[in-house]
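Colleague: I'm new to this one and would like a close look at a single part of it. Could you take your time and walk me through what surrounds that part as well?

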Amino acid sequence: MAAHDLAHELARSLKESNEFKQFHKSKEKVMSDANNHKMVREFQLKQWEIREAQMLENEVSEEKQQELERLYSLLSINPAAREYLEAEFEVSRMVNDIQQIIGEAIQEAMPIGFEDITPEG
């Protein structure tokens, strides 16, 4: 089977997985409630802001870290939001595992100068 065909089969398999179905279901539940949607979105934006700063090796203020922790605490006690975050984590973990497997398989195809970089970073 050609690599493209396998990629399409993998995509179908991901969409049909229990993890993806649970993610989709929990996402719809969060999206159907404006307050839950707003809280999750605010948390994700704050989380992205902090990750971006860390990637750029900028210092993240204690205030921003505490705000993220406060938002996470609020989401953790909200059943719909907590379910969504857990489902999102499971899908992300599955995708990261797949990326690592593919990265290891194509390690020899890395351009010159990138040979020593492992798929994890």
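In which helix does Gly 103 lie?

Modeller: Happy to. One thing before we zoom in: this is a predicted model. The chain averages a pLDDT of 89, and 93% of the residues score at least 70. Among the elements of the chain, the highest mean pLDDT, 97, belongs to helix H2 (residues 18-31), while helix H4 (residues 62-76) has the lowest, 90.

Now to your glycine. Gly 103 sits in helix H5. Its relative accessible area is 16%, so Gly 103 counts as buried, the cut-off being under 20%. If you go looking for Lys 15, it is 88 residues away from Gly 103 along the chain, and the two C-alpha atoms are separated by 21 Å.

The largest one has 16 residues. The residues with the most contacts inside the core are Phe 23, Val 30, Val 40, Phe 43, Leu 75, Tyr 84 and Leu 85.

Leaving aside residues up to four places away in sequence, Tyr 84 touches Phe 23, Ser 26, Lys 27, Val 30, Val 40 and Gln 44.

Next, see how H5 meets H4. The two helices pack with their axes 6 Å apart, at an angle of about 110°. Angles of 65 to 115 degrees count as roughly perpendicular, so that is how H4 lies to H5. On the H4 side, the contact is made by Tyr 72, Leu 75 and Ser 76; on the H5 side, by Ala 81, Arg 82 and Leu 85. Sorted by class, this contact of H4 with H5 has four nonpolar residues, one polar and one charged.

While you're on H4, have a look at Leu 74, which is found in that helix too. Leu 74 is partly exposed, at a relative accessible area of 34%. Met 39 is 35 residues from Leu 74 in sequence, yet their C-alpha atoms are 8.4 Å apart in space.

With a relative accessibility of 73%, Glu 57 is exposed. Its backbone is worth a glance too: phi of Glu 57 is near 60°, a positive value in a residue other than glycine. Most residues other than glycine have a negative phi.

Finally, back to Lys 15, as it turns up in another helix pair. The axes of helix H1 (residues 3-16) and H2 come within 5 Å and cross at roughly 55°. That angle makes H1 oblique to H2. Lys 15 joins Leu 14 and Glu 16 on the H1 side of the contact, and H2 brings Asn 18, Phe 20 and Lys 21. Here the classes come out as two nonpolar residues, one polar and three charged.

Note on methods. Residues are numbered from 1 along each chain as its sequence is written. This is a predicted model: local features need pLDDT of at least 70, side-chain atom pairs count only at pLDDT 80 or more; totals for chains, interfaces and linings use all residues. Side-chain values use heavy atoms; hydrogens and water are left out. pLDDT is the predictor's confidence in each residue, from 0 to 100. Helices (H or I, at least four residues) and strands (E, at least two) are DSSP runs, numbered from the N terminus. Axes are lines fitted to C-alpha atoms, for helices over the stretch in contact, and angles run from 0 to 180 degrees between N-to-C directions. Angles under 35 degrees count as roughly parallel, over 145 as roughly antiparallel, 65 to 115 as roughly perpendicular and the rest as oblique. Contact means heavy atoms within 4.5 Å. Ala, Val, Leu, Ile, Met, Phe, Trp, Tyr, Cys and Pro count as nonpolar, Asp, Glu, Lys and Arg as charged, and the others, Gly among them, as polar. A nonpolar core is a set of buried Ala, Val, Leu, Ile, Met, Phe, Trp, Tyr and Cys residues joined through side-chain atoms within 4.5 Å. Buried means under 20% relative accessible area, exposed over 50%, partly exposed in between (1.4 Å probe, protein chains only).
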